[in-house]
Amino acid sequence: MTETPERAAFLRRYGHLFEHSPWVVEQAFALRPFADDEALHAALTRVVAEAGVEMQRRLIAAHPELGARVALSEESDAEQTGAGLRHLSEAEFARFAALNAAYRERFGLPFIICVRRHDKASILAAFSRRLAHDAATEHAVALAEIGAITRLRLADLALTTAPA
């Protein structure tokens, strides 16, 4: 696709919505115009839904493990900090590390949850509950959680650029 100033501006504004996966926003650009942020979010979700299983798995795999002591994107860092996951005690860190490992062993991907809708206790409960899912169910849940994360990031963006 030819790079235009409009496309470049769109990618600058929205390219961060999906963790290390600007391809979603790049593909959504072709679906313009959007009446509002809900229509934009619906288009983004459509791109993900139509991407196919392999691209969806790549999207899921681009997310960091919860509570891991690694560098994160600005958005993930703020989200995990807000849920108390960037300052875990050693015992909490060990619990999250064990659950991350069990989840990755079972599904081959990182555990995804919209941490802004949870606290540590509810995240731990979700880990335990979701480890019992089959792979297809968990794939769908992970994509739904990514949709929730993206919706909140889009809402944040609207708030930071709203007229005074």
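Mentor: Let us begin with handedness: a crossing is left-handed if the near helix is turned anticlockwise from the far one by less than a right angle, and right-handed if clockwise. This is a predicted model, in which local features need pLDDT of at least 70 and side-chain atom pairs count only at pLDDT 80 or more, while totals for chains, interfaces and linings use all residues. Residues are numbered from 1 along each chain as its sequence is written, and side-chain values use heavy atoms, with hydrogens and water left out.

Trainee: At what angle do α6 and α7 pack, and how far apart are their axes?

Mentor: Two packed helices are described by the angle between their axes and the distance between the axes. Axes here are lines fitted to C-alpha atoms, for helices over the stretch in contact, with angles from 0 to 180 degrees between N-to-C directions; helices (H or I, at least four residues) are DSSP runs numbered from the N terminus. Helix α6 (residues 90-107) packs on helix α7 (residues 120-130) at about 30°, the axes being 10 Å apart, and that makes α6 roughly parallel to α7 (angles under 35 degrees count as roughly parallel, over 145 as roughly antiparallel, 65 to 115 as roughly perpendicular and the rest as oblique). The crossing of α6 past α7 is left-handed.

Trainee: Which residues of α6 and α7 meet?

Mentor: Taking contact as heavy atoms within 4.5 Å, the α6 side includes Phe-96, Leu-99 and Tyr-103, and the α7 side includes Ile-123, Leu-124 and Phe-127. The residues of this contact divide into 7 nonpolar, 2 polar and 4 charged, where Ala, Val, Leu, Ile, Met, Phe, Trp, Tyr, Cys and Pro count as nonpolar, Asp, Glu, Lys and Arg as charged, and the others, Gly among them, as polar.

Trainee: How do α3 and α8 pack, and at what angle?

Mentor: Helix α3 (residues 37-50) and α8 pack at about 150° with axes 10 Å apart, which makes α3 roughly antiparallel to α8, and their crossing is right-handed. Among the residues in contact are Leu-40, Leu-44 and Val-48 of α3 and Leu-143, Thr-150 and Leu-154 of α8. Helix α4 (residues 53-61) also meets α8, the axes coming within 10 Å and crossing at roughly 60°, and that makes α4 oblique to α8. This crossing of α4 and α8 is left-handed, and its contacts include Val-53 and Ile-60 in α4 with Ala-142 and Leu-143 in α8.

Trainee: How many cavities of 30 Å³ or more does the structure hold?

Mentor: Rolling a probe the size of a water molecule over the atoms shows where empty space is left. On a 1 Å grid over the protein atoms alone, a cavity is a set of points where a 1.4 Å probe fits but cannot get out, and lining residues have an atom within 4 Å of a point; grid points are joined across faces, edges and corners, and a volume is the space filled by probe spheres set on the points. The structure holds 1 cavity of 30 Å³ or more, and the largest cavity has a volume of about 140 Å³. Of its 16 lining residues, those closest to the centre are Leu-66, Ser-76, Glu-79, Ile-113 and Ile-149.

Trainee: Where is the cis peptide bond?

Mentor: Most residues other than glycine have a negative phi, and most peptide bonds are trans. Here a cis bond joins Arg-32 and Pro-33, with omega about 0°.

Notes:
Helix = DSSP H or I, 4+ residues; strand = E, 2+ residues; numbered from the N terminus. 1 Å grid on protein atoms, 1.4 Å probe; cavity = no way out; pocket = protein on both sides within 12 Å on 5 of 7 lines; lining within 4 Å.
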